[in-house]
Amino acid sequence: MSDDVIERLAALGISLPEPMQPLGSYLPVVKAGGMLFVSMQGPMVAGQPKLAGLIGRDLTADEGQLAAKLATINALAQIRHYLNGFERVRQVVRVEGYIACTEDFAQHPYVLDGASDLLAAVFSDRAGHARSLCGVRNLPGQLPVAVAVTVELQTP
Amino acid sequence: MSDDVIERLAALGISLPEPMQPLGSYLPVVKAGGMLFVSMQGPMVAGQPKLAGLIGRDLTADEGQLAAKLATINALAQIRHYLNGFERVRQVVRVEGYIACTEDFAQHPYVLDGASDLLAAVFSDRAGHARSLCGVRNLPGQLPVAVAVTVELQTP
Amino acid sequence: MSDDVIERLAALGISLPEPMQPLGSYLPVVKAGGMLFVSMQGPMVAGQPKLAGLIGRDLTADEGQLAAKLATINALAQIRHYLNGFERVRQVVRVEGYIACTEDFAQHPYVLDGASDLLAAVFSDRAGHARSLCGVRNLPGQLPVAVAVTVELQTP
């Protein structure tokens, strides 16, 4: 059977990387209660931060949005690896966004649209997702954005 | 059948507003695993922030508590709209509070009681909820408080 | 039946304290969807913060790691009290870490290893857990670290 998420990613010129290894004694993906909980992902490319620093000081809102997109690509890579594709994903349940930004920054939703718009583009009517976000002081390795993604699985 | 949550809200002088539209490509409420995940809500009234700024600098702890209450009213408006009432809510599962405050602010629990006390008042023995909270740098549009609410549904 | 988590805690010299009472109108533990959601816990010992302040200014990364371990011990105390032991825990699903730190602090994963390593040591192949973390401005009572733990239960 074809996997329309993979096809839509390809149409957008996105090929999913190998999933990142965890940075400690935890798992990249945990399955529980019919859902997959993906550990927080950042805008890493080939094991290095593609973007670093505070949004509003070191990075623009557009760069923050790109960082959110890259972090989401890494979350998708984890899900693809765990499920061997996306056919078993019923819907995206939740995206929690952490945005490292300056005191007076206010465009958090614009930044996190980098995650939501990608999910909408590739999951279509399964993109769903409730969204939370906040402006944090910093993230590991001075990443500007990180996202935690939860998806629901099809019942067998 | 009567809906005791609606009745208790009315007794408190609270009428739920129309639910806010999402600010991007996500949903206000997602149902998964027998639970409703409500997107983060802030103290918006008629589409505008009722309170804005940092708690401890621009706002008092009491104003922060009011902001948490207003944000929770907006979460309730989302749930009411999704379920057409509250009868199908088995219990409130979780409240995650984000509090934009100054460096030395320490009364986070007092602020988030604006959410918890309202839930206790209207859901009574279904109010439950585990609680998390943290002091963040800022929130979208310089909101002082935002809450993400998760509820469990009655099994059919 | 023996409870291997209790035994492993004892082997590490850890005896679980009485669980903390909530600081407001919420519950320490909520069961929903086959999971337990534990309210955020900090490094309290005998009702007092064992460590307080910002990591990177008032506390070292090692002290932060200890704080994460102490917070996790308190989460385990809540679970033990709710379930009367750990035999019904199928796996740890999620750990969300909040780390109060200075602007340039970057060792968040090292700090939260205080939680993950303890869970790995005592739950062994049930330790699982997806992990999220962020650097926050502050936490209630100037706690340096807090953790929210979610576990899945065995099906009856």
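Modeller: In this predicted model, 23 residues of chain A are in contact with 30 residues of chain C, where contact means that the C-beta atoms of two residues, placed from the backbone, lie within 7 Å. On the side of chain A that touches chain C, β1 (29-32), β2 (35-38) and β5 (89-100) of chain A each supply at least two residues, and β1(A) gives the most, with three residues. Strands here are DSSP runs of E with at least two residues, and helices are runs of H or I with at least four, numbered from the N terminus. Sorted by class, this side of chain A holds 14 nonpolar, seven polar and two charged residues; Ala, Val, Leu, Ile, Met, Phe, Trp, Tyr, Cys and Pro count as nonpolar, Asp, Glu, Lys and Arg as charged, and the others, Gly among them, as polar.

As for the chain itself, chain A has three helices and seven strands, which follow one another from the N terminus as α-β-β-β-β-α-β-α-β-β. Of its 156 residues, 55% count as buried, that is, with 20 or more other C-beta atoms, placed from the backbone, within 10 Å of their own. Among the contacts in chain A with a separation of 6 or more, 82% join residues 24 or more positions apart.

A word on conventions: residues are numbered from 1 along each chain as its sequence is written, while chains are lettered from A and ligands numbered from 1 in the order in which they are written. Because the model is predicted, local features need pLDDT of at least 70 and side-chain atom pairs count only at pLDDT 80 or more, whereas totals for chains, interfaces and linings use all residues.

Notes. A residue is buried if 20 or more other C-beta atoms lie within 10 Å of its own, exposed if 12 or fewer, and partly exposed in between; C-beta atoms are placed from the backbone.
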